[in-house]
Amino acid sequence: MFIGIGTVVNVATVLVGSVLGVLIGHRLPQRTRDLVTDALGLVTLLIAITSALAVGDQVLSAAVGGSAPILIVLGAMLIGGIAGSLLRIEQRLEDFGGWMQRRFSRGESTFVEGFVTASMVFCVGPLTFLGSLSDGLGRGADQLLLKSVLDGFASIAFAASLGWGVAASALVVLVVQGLMTLVGALLGDVLPEAHVTALGATGGLLLIGVALRLLKLKQVAVADMLPALIVAPLLVQLLIVVRG
């Protein structure tokens with residue numbers, strides 16, 4: 001297999017799953033489609049909590065000190081959230097989804113919601129970054145292939161309730177994972193284990209925000225917080241330097 005095969009398969013599973021979901025969804029009553037979205041929200045919350053618990057990992061504590069991991073995640077969320085808000089990432093993503101809606105969806109009311117929600121779920125989790133880096137490093141695409149299966153089933157459920165916007169999220173998957181795979185191929189193994197752990201814990205916290213959106217509890221601007229995934233490893237490195 002070639003480098004990047006994981007992303008290619010992932011995009012394909014999202015597209016196929018979305019088509020199946022739309023075909024199935026039109027045959028389901030609204031109450032059932034809402035239940036599907038709630039189920040996805042609960043499963044996303046489970047995955048998110050599991051990932052966020054990495055903040056207690058001994059590797060991270062040993063690198064930055066016992067009390068620092070939570071402060072790192074807090075700092076990453078605050079700094080990243082402020083940066084993302086100033087950059088208007090969420091608004092830009094919604095605007096892009098709106099443009100695609102006008103261009104392709106023929107007035108489907110849930111297009112933007114499906115596009116933004118699916119993009120966040122498919123691109124925020126730790127497997128997105130760790131799997132893409134691993135693929136780029138030539139270590140194999142096993143993590144992305146596993147993610148592809150999960151995303152394929154998720155896209156069926158999402159598209160059944162939210163429509164064609166879910167299929168459009170495949171473009172975001174292609175760009176994000178493609179860039180991360182390229183980074184892995186060009187730069188090599190750039191992130192030590194402690195940095196990766198902080199990234200994973202922060203990604204898990206962002207996924208909790210996605211779950212809250214799916215459960216219609218709060219419309220958290222998760223996209224605006226995406227820079228936190230860059231800030232978290234940088235804060236780990238800063239503390240390592242300070243402690244050294």
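Gly98 is found in helix α5 of this predicted model. Helices (H or I, at least four residues) and strands (E, at least two) are DSSP runs, numbered from the N terminus. Gly98 is buried, at a relative accessible area of 9%. Here, buried means under 20% relative accessible area, exposed over 50%, and partly exposed in between (1.4 Å probe, protein chains only). Gly98 and Glu113 are 15 residues apart along the chain. Their C-alpha atoms are separated by 9.5 Å.

Residues are numbered from 1 along each chain as its sequence is written, and side-chain values use heavy atoms, with hydrogens and water left out. Because the model is predicted, local features need pLDDT of at least 70 and side-chain atom pairs count only at pLDDT 80 or more, whereas totals for chains, interfaces and linings use all residues.

Helix α5 spans residues 89-105 and also contains Glu90. Glu90 is buried, with 8% relative accessible area. Contacts, defined as heavy atoms within 4.5 Å, link Glu90 to Val116, Arg213, Ala221, Val222, Ala223 and Asp224. That list leaves out residues up to four places away in sequence.

The structure holds 2 salt bridges. A salt bridge is a side-chain nitrogen of Lys or Arg within 4 Å of a carboxyl oxygen of Asp or Glu. One of them joins the side chains of Arg213 and Glu90, at 2.7 Å from N to O. Arg213 lies in helix α10 (residues 193-214) and Glu90 in helix α5, so this pair ties together parts that are 123 residues apart in sequence. Both Arg213 and Glu90 are buried.

A salt bridge is also formed by Asp151 and Lys147, with the closest N and O atoms 2.6 Å apart. Asp151 and Lys147 sit 4 residues apart in helix α8 (residues 142-162), a separation of about one helical turn. An α-helix has 3.6 residues a turn, so residues three or four places apart point the same way. Asp151 is buried, and so is Lys147. Helix α8 has 21 residues and reaches 29 Å from its first C-alpha to its last, close to the 30 Å expected at 1.5 Å a residue. The expected span is 1.5 Å times one less than the number of residues in the helix. Gly163 follows α8 and has a positive phi, near 85°.

Two further helices were examined for span and burial. Helix α1 (residues 5-25) has 21 residues. From first to last C-alpha, α1 reaches 30 Å, close to the expected 30 Å. Its buried residues include Asn10, Val11, Val14, Gly17, Ser18 and Gly21. Helix α11 (residues 228-243) has 16 residues and reaches 22 Å, close to the expected 22 Å. In α11 the buried residues are Ala228, Leu229, Val231, Ala232, Pro233, Leu235 and Val236.

Positive phi values also occur in two loop residues. Arg88, which is not glycine, has phi near 55°. Arg88 lies in the loop between α4 (68-87) and α5. At 42% relative accessibility, Arg88 counts as partly exposed. Lys216 is likewise not a glycine and has a positive phi of about 60°. The loop between α10 and α11 holds Lys216. Lys216 is exposed, with a relative accessible area of 55%.

Of its 29 lining residues, the closest to its centre are Phe129, Val176, Met180, Leu226 and Ile230. Two or more lining residues come from each of α5, α6 (111-124), α7 (126-136), α9 (165-187), α10 and α11. The largest share, 7 residues, comes from α9. Pockets were found on a 1 Å grid over the protein atoms alone, as open sets of points with protein on both sides within 12 Å along at least five of seven lines, for a 1.4 Å probe; lining residues have an atom within 4 Å of a point.

The unreviewed UniProt entry lists residues 6-24, 36-56, 68-89, 110-133, 153-176, 196-215 and 221-242 under "transmembrane region". These positions follow the numbering used here, feature names are shortened, and annotations may be inferred rather than shown by experiment. Over residues 68-89 the model is 95% helix and 0% strand, with end C-alpha atoms 28 Å apart. Over residues 221-242 the chain is 68% helix and 0% strand, and the end C-alpha atoms lie 32 Å apart.
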